Amino acid sequence: MPYDFSVTPGPSPLTQAVAVSPTAPRGPRNWRRRYTRVLWITDLLVLIWVVYGTQIAWFGLGNAQLSISNDNRITEISYWVTSAVLIVAWIWTLSLADTRDHRIIGVGSDEYVRIARSSLFLFGVIAIIAFLTQIEIARGFLLISLPLGIALLLFSRWLWRQWLVALRNGGRYSARLLLVGSEASVNHLARELQRAPWCGYRVVGACVPSGRAGGLIAGTNIPIMGSVDAIQQALAATDADTVAVTSTDELPAEKVKEISWSLEAGRQHLVLAPSIVDIAGPRIHARPVNGLPLIHVETPKFSVGQRVLKRLFDICATVAIVGMLSPVFLTVALCIAFTSRGPILFKHERIGQNGQPFRMLKFRSMRTGADRELAALLAAQGTSEKPLFKIRNDPRITSVGRFIRKYSLDELPQLFNVLGGSMSLVGPRPQIAAEVALYNDASRRRLLARPGLTGLWQVSGRSSLDWEDAVRLDLFYVENWSLVGDIAILAKTARAVLAPGETAH
């Protein structure tokens with residue numbers, strides 16, 4: 001989504017800044033507080049529905065009593081009161097865990113993880129208290145409320161996230177960001193944020209050491225508001241509420257501290273953007289040492305436990321998927337057999353984990369002998385000297401093949417590769433030996449993981465991505481693997497398959 005900043009000629013750089021700032025879409029100034037309030041109300045309604053709904057389903061509309069044994073005396077409390085206490089404790093626990101913090105809403109899995117973790121913590125505390133105080137609380141009441149409550153809380157948050165992302169793609173409900181640093185670092189961060197407007201940062205200006213106000217950051221439409229000494233004026237001119245320091249080469253520690261002191265508490269925020277990129281949260285640990293905020297980045301590695309967990313997940317999920325999609329397997333096989341000559345399955349050698357070749361299975365989507373025409377087609381496209389995933393308007397594809405490729409049905413036989421261990425459900429897509437031969441040192445790190453039926457690049461643009469972006473996404477996956485990430489990618493893959501759009505071919 002391009003930024004639309006127009007610079008009005010005039011003698012004063014700050015006058016120019018005021019002129020360009022209205023072109024950046026604005027949401028309400030207090031959008032963070034408003035969105036947090038909406039989430040709080042929604043969480044409360046969900047918990048009321050879950051807890052009281054479970055109580056009525058378990059006990060009926062009568063006045064069931066909870067028994068508490070104390071000094072040989074039994075005190076009874078109505079479950080209507082117990083449910084109210086549980087709702088208050090639950091909503092309070094969600095608040096304590098910062099599940100509605102504006103820094104985590106709208107992107108990533110941290111919001112969902114905090115909801116599940118805090119809910120499990122609450123019910124664990126309840127179980128311990130009930131055991132120590134001999135409270136006879138109905139187990140079924142808790143066993144139904146907990147998973148149902150977590151599921152509906154996550155679903156409601158997901159619905160609100162879709163609404164928030166839609167607004168952010170239009171430039172609203174986003175932090176108005178002023179970048180501070182060298183032109184090169186500002187340019188890099190601005191481009192990355194421009195690619196992901198749903199993350200909630202909209203760049204409205206930049207302050208650079210050169211201080212040549214009135215110009216634009218090279219390759220962007222972001223106005224330069226002045227030098228790093230004009231941050232307060234730039235904040236006022238652009239109405240920015242967040243300052244992002246992109247590099248500290250020209251900014252001494254005292255200057256960064258002054259910037260933080262000058263920001264209005266509660267309304268203006270400071271973000272430090274270190275030069276390390278493509279590192280996921282679990283590998284980053286902040287540790288203050290003598291007043292210095294040191295960032296520790298763990299070396300990427302797969303532990304034995306992670307490998308076993310990933311393999312078990314692959315086997316269990318694949319068996320379930322094959323069982324559910326067996327009618328689709330049969331239908332696609334029959335369509336291929338009746339519409340074109342040749343085998344139903346296509347076996348092709350690909351390069352797998354650690355550079356080991358294997359035979360990858362696919363439903364045949366091209367005419368027989370199509371692989372012999374590949375070199376000529378690549379040369380005609382002018383892409384024969386770098387790895388390539390797809391060929392647009394490929395003349396080798398059959399009529400049925402075009403349909404099954406659009407909806408990724410041709411990839412289904414690779415589920416048997418997953419069961420056999422040569423592939424995983426999620427991972428870098430396998431490529432042929434000729435493409436792997438063109439890898440540089442960074443690209444070869446893709447081979448550290450077992451190739452996948454789907455991958456991060458497939459849910460981030462599919463065939464519209466160029467090679468460099470695809471490698472970057474695959475390397476991010478390889479170096480930052482998590483089971484939660486695999487589940488998220490599979491969910492996004494299902495959505496991409498059902499609604500492939502223009503990026504699938």
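**Close-up 1. Arg157 and Asp43 pair up in a salt bridge.** The side chains of these two come together at 2.7 Å, N to O; a salt bridge here is a side-chain nitrogen of Lys or Arg within 4 Å of a carboxyl oxygen of Asp or Glu. This is a predicted model, where local features need pLDDT of at least 70 and side-chain atom pairs count only at pLDDT 80 or more, while totals for chains, interfaces and linings use all residues. Residues are numbered from 1 along each chain as its sequence is written, and side-chain values use heavy atoms, with hydrogens and water left out. Arg157 sits in helix 5 (residues 139-169) and Asp43 in helix 2, so to speak distant parts of the chain, 114 residues apart. Helices (H or I, at least four residues) and strands (E, at least two) are DSSP runs, numbered from the N terminus. Both Arg157 and Asp43 are buried, where buried means under 20% relative accessible area, exposed over 50%, and partly exposed in between (1.4 Å probe, protein chains only).

**Close-up 2. Asp486 meets Lys310.** Here the closest N and O atoms of the salt bridge are 2.8 Å apart. Asp486 belongs to helix 15 (residues 483-498) and Lys310 to helix 9, so this pair ties together parts that are 176 residues apart in sequence. Asp486 and Lys310 are both buried. The whole model has twelve salt bridges by this rule.

**Close-up 3. Asp474 and Arg446 form another salt bridge.** Their side chains meet at 2.6 Å, N to O. Asp474 is in helix 14, and Arg446 is in the loop between helix 13 (433-436) and strand 14 (452-454), 28 residues apart. Asp474 counts as buried because its relative accessibility is 0%, and Arg446 does too, at 3%.

**Close-up 4. The largest nonpolar core.** This core has 29 residues, and those with the most contacts inside it are Phe363, Ile404, Leu415, Leu425 and Tyr477. A nonpolar core is a set of buried Ala, Val, Leu, Ile, Met, Phe, Trp, Tyr and Cys residues joined through side-chain atoms within 4.5 Å. At least two core residues come from each of helix 9 (304-339), strand 12 (357-363), helix 11 (399-406), helix 12 (414-420), strand 13 (424-426) and helix 14 (467-479). Helix 9 supplies the largest share, seven residues.

Close-up 5. Arg37, in helix 2 (residues 31-59), is partly exposed at 46% relative accessible area.
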